[in-house]
Amino acid sequence: QAEKVAYNKTSGRLIATGNVQLVDPSGAAFYSDYFDITDDFRDGFVQSLRGDTPERTHFAAERAERSGGETTTFINGVYTACEPCKEHPEKPPLWTVKAAKIVVNHQDHMVYFTDAHLEFFGHPMASLPYF
């Protein structure tokens with residue numbers, strides 16, 4: 001539950017702070033302590049975001065911006081399709097991609113990475129300037 005929610009009818013913006021969870025129409029769930037989004041969810045800004053999709057992919061980032069309902073950009077983000085270990089959830093997943101910027105294009109269902117590193121069990125294995 002969010003600790004504080006404010007809606008500005010004039011600007012159409014919703015600001016929620018403190019333990020916020022948003023679920024979009026696709027079933028993807030996003031968690032943060034700060035969301036600033038438009039009432040139609042087309043544009044927004046989030047700090048310290050974590051997201052889980054119905055396809056069991058997982059994102060985390062310092063911040064994220066949604067633009068025009070078409071793209072979401074994660075800054076200093078991490079992406080994986082691995083589930084956490086049930087016995088030791090503190091262990092790193094089998095693989096992750098860490099990137100300075102991750103752009104999800106919701107129109108063509110593609111994910112683009114800039115200045116990325118592929119990691120296995122938390123150890124860097126390959127540098128991928130653009131992936």
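How many Å apart are the mean positions of the positive and negative charges of the protein chain? In this predicted model, the mean positions of the 12 positive and 18 negative charges are 2 Å apart.

The secondary structure of the protein chain comprises nine strands and zero helices. Read from the N terminus, the order of elements is β-β-β-β-β-β-β-β-β. The radius of gyration is 15 Å, close to the 14 Å given by the globule rule for 131 residues, so the protein chain is as compact as a globular protein of that length. Along the principal axes, the C-alpha atoms fill a box of roughly 50 × 35 × 20 Å. Of the 131 residues, 31% count as buried. The accessible surface of the protein chain amounts to about 8400 Å², and carbon and sulfur atoms contribute 55% of that area. Among contacts with a separation of 6 or more, 25% are made by residues 24 or more positions apart.

Aromatic side chains were examined next. Five aromatic pairs are found in a search of the whole structure. One of these is formed by Tyr 34 and Phe 45, whose rings are 6.4 Å apart centre to centre with 65° between the planes, an edge-to-face arrangement. Tyr 34 belongs to strand 3 (residues 29–38) and Phe 45 to strand 4 (residues 44–52), so this pair ties together parts that are 11 residues apart in sequence. Tyr 34 counts as partly exposed, at 23% relative accessibility. Phe 45 is likewise partly exposed, with a relative accessible area of 23%. A second pair, formed by Phe 59 and Phe 74, is stacked, with a centre-to-centre distance of 4.8 Å and 5° between the planes. Because Phe 59 lies in strand 5 (residues 58–67) and Phe 74 in strand 6 (residues 71–80), the pair ties together parts that are 15 residues apart in sequence. Phe 59 and Phe 74 are both buried. These two residues also belong to one aromatic cluster, which is formed by Phe 59, Phe 74, Tyr 79, Trp 95 and Phe 113.

Thr 53 is placed in the loop between strand 4 and strand 5. With a relative accessible area of 18%, Thr 53 falls under the 20% limit and is therefore buried. When residues up to four places away in sequence are not counted, Thr 53 touches Ala 28 and Phe 59.

Thr 72 is found in strand 6, the strand in which Phe 74 also lies. The relative accessible area of Thr 72 is 10%, and the residue is buried. With residues up to four places away in sequence left aside, Thr 72 touches Ala 64, Glu 65 and Arg 66, together with Ile 102, Val 103, Val 104 and His 106. The C-alpha atoms of Thr 72 and Asp 43 are 9.0 Å apart in space, although the two residues are 29 residues apart in sequence.

A further pair of residues separated along the chain involves a loop position. Lys 9 is located in the loop between strand 1 (4–8) and strand 2 (13–23). At a relative accessible area of 73%, Lys 9 is exposed. Between the C-alpha atoms of Lys 9 and Asp 39, which are 30 residues apart along the chain, the separation is 8.9 Å.

The backbone was considered last. Most residues other than glycine have a negative phi. Ser 48, which is not a glycine, has a positive phi near 45°. Ser 48 is found in strand 4, the strand that also contains Phe 45. With 54% relative accessibility, Ser 48 is exposed, whereas Phe 45 is partly exposed. Phe 121 also has a positive phi, of about 50°, without being a glycine. The position of Phe 121 is in the loop between strand 8 (110–120) and strand 9 (123–130). Its relative accessibility is 53%, and Phe 121 therefore counts as exposed, the limit being over 50%. In contrast to the buried Phe 59 and Phe 74, Phe 121 is thus an exposed phenylalanine.

Terms used. Residues are numbered from 1 along each chain as its sequence is written. This is a predicted model: local features need pLDDT of at least 70, side-chain atom pairs count only at pLDDT 80 or more; totals for chains, interfaces and linings use all residues. Side-chain values use heavy atoms; hydrogens and water are left out. Helices (H or I, at least four residues) and strands (E, at least two) are DSSP runs, numbered from the N terminus. The radius of gyration is taken over C-alpha atoms; the globule rule is 2.2 Å times the number of residues to the power 0.38. Buried means under 20% relative accessible area, exposed over 50%, partly exposed in between (1.4 Å probe, protein chains only). Contact means heavy atoms within 4.5 Å. Accessible areas come from the Shrake-Rupley method with a 1.4 Å probe; for residues, only the protein chains shown count as cover. Lys and Arg count as positive and Asp and Glu as negative; His and the chain ends are not counted. The place of a charge is taken as NZ of Lys, CZ of Arg, CG of Asp or CD of Glu. Rings of Phe, Tyr and Trp (its six-membered ring) pair if their centres lie within 6.5 Å; planes under 30 degrees apart count as stacked, over 60 as edge-to-face and the rest as tilted.
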